[in-house]
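Trainee: Please take one part of this model and look at it closely. Then place that part beside the rest of the chain.

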Amino acid sequence: MPFVREEYTIEQPLRAFVFLVRTLGLSPNAAQRLIDKGRMTQNGVKVGKAEELQGKVEIAHFVPQDLGLKPLFVHKDFCVYDKPHHLLTHPKGLFAHFSLNDALKSTFGVQANPVHRLDSLTSGLVVCARHRHSEQALKSLFLHQKVQKTYTAVVRGIMEEEERVICAPILAQNNGRDLSIRSAISPLGKVAKTHIRVLDRDFARKLTLIEARPLTGRTHQIRVHLDSIKHPIVGDCLYGVSDEISRFFLESHAQQEDFVRLLGVPHLMLNASRLVFSYDGKEFCVDSVLREHLLTFFYNAPSESVCH
């Protein structure tokens, strides 16, 4: 279980913030976040950052588990993981589920952190800082669009144009209402651009293998843009399917067998397949091994394996 609740005894009066840094080895920022989220309590009451404590306290904190997932590439300042489908990048709340953070922190320690994220349904490359000294510099590369990101996807229908740029503003709704987790094309949204290139076509199954390069970074950008041109990604449980199917996946903690039964495939056919960026004066280019899963599906799966 990634999050555990543990009881500690503070022998001498000590500020909560200082105790967390010294006892759990957290960075000052991480200690601040833990306190702000109310994960440190005394007698059932949340404590404040500057509060001076003595006696027993309870802390709910992340304890990483070894998932057996090894990094694809390791540098002295960062590493790159090839994240499988159906695995979160970060833990979500205090629930008992695993995330890429388990593999990362169990290997490189509590100060290691992902510098960007993929949603749980998408497989592929995630860059992680190994320590605080490199974290901000790496995050800045992604924040300022200095990382060239290439995705591979299998979409429904035959895409006729060899290349195109989808330019349509995307609004991230997420207002707590029904299905608001879906982003939407809207004039109220932010500018969003995605370059699409066709790699191959399967006329028998009416599928297209594509390469997608997001030129901006909006929530679900590639999935939303492809759905907007009537070529939703195979295995997408939010876009290009009925509201009933989306609700089922959102409310039921769906398993791989649910994807197969309802969508005809074991996972979303989207992979973050290549990252190119410069760091500390050197250029790095990393390719996903898990991209092969999509290629195997596209070239080898029988025609009846996809629900339409």
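**Helix 2 and the cores**

Mentor: Two exposed residues, Asn29 and Asp36, sit on the face of helix 2 that is turned away from its buried side; exposed means over 50% relative accessible area, buried under 20% and partly exposed in between, with a 1.4 Å probe and protein chains only. Helices (H or I, at least four residues) and strands (E, at least two) are DSSP runs numbered from the N terminus. The model is predicted, so local features need pLDDT of at least 70 and side-chain atom pairs pLDDT 80 or more, while totals for chains, interfaces and linings use all residues. Residues are numbered from 1 along each chain as its sequence is written, and side-chain values use heavy atoms, without hydrogens or water.

Helix 2 covers residues 28–36, and its buried residues are Ala30, Ala31, Leu34 and Ile35. They line one face of the helix, because they fall within an arc of 135 degrees when seen down its axis (the arc of directions from the axis to the C-beta atoms). Among the elements covering these buried residues are helix 1 (16–24), strand 2 (40–42) and strand 4 (52–62). Just after helix 2, Gly38 has a positive phi of about 75 degrees.

Now the cores. A nonpolar core is a set of buried Ala, Val, Leu, Ile, Met, Phe, Trp, Tyr and Cys residues joined through side-chain atoms within 4.5 Å. The largest has 43 residues, and those touching the most other members are Tyr81, Val154, Met159, Ile210, Leu226, Ile233 and Met269. Another core, of 16 residues, lies apart from it, and includes Ala31 along with Tyr8, Leu20 and Leu26. In soluble globular proteins, nonpolar side chains tend to be buried together.

Next, the rings. The structure holds 10 aromatic pairs, meaning Phe, Tyr or Trp rings (for Trp, the six-membered one) with centres within 6.5 Å; planes under 30 degrees apart are stacked, over 60 edge-to-face, and the rest tilted. Phe78 and Tyr279 make an edge-to-face pair, 5.5 Å centre to centre with 80 degrees between the planes. This pair links distant parts of the chain, as Phe78 in strand 6 (residues 78–83) and Tyr279 in strand 15 (residues 270–279) are 201 residues apart. Phe78 is buried at 0% relative accessible area, and Tyr279 is buried at 11%. Phe298 and Tyr299 are also edge-to-face, because their planes stand at 90 degrees, with centres 5.0 Å apart. Here Phe298 is buried at 3%, whereas Tyr299 is partly exposed at 47%. One aromatic cluster consists of Phe73, Phe78, Phe277, Tyr279 and Phe284.

Conventions
Contact means heavy atoms within 4.5 Å.
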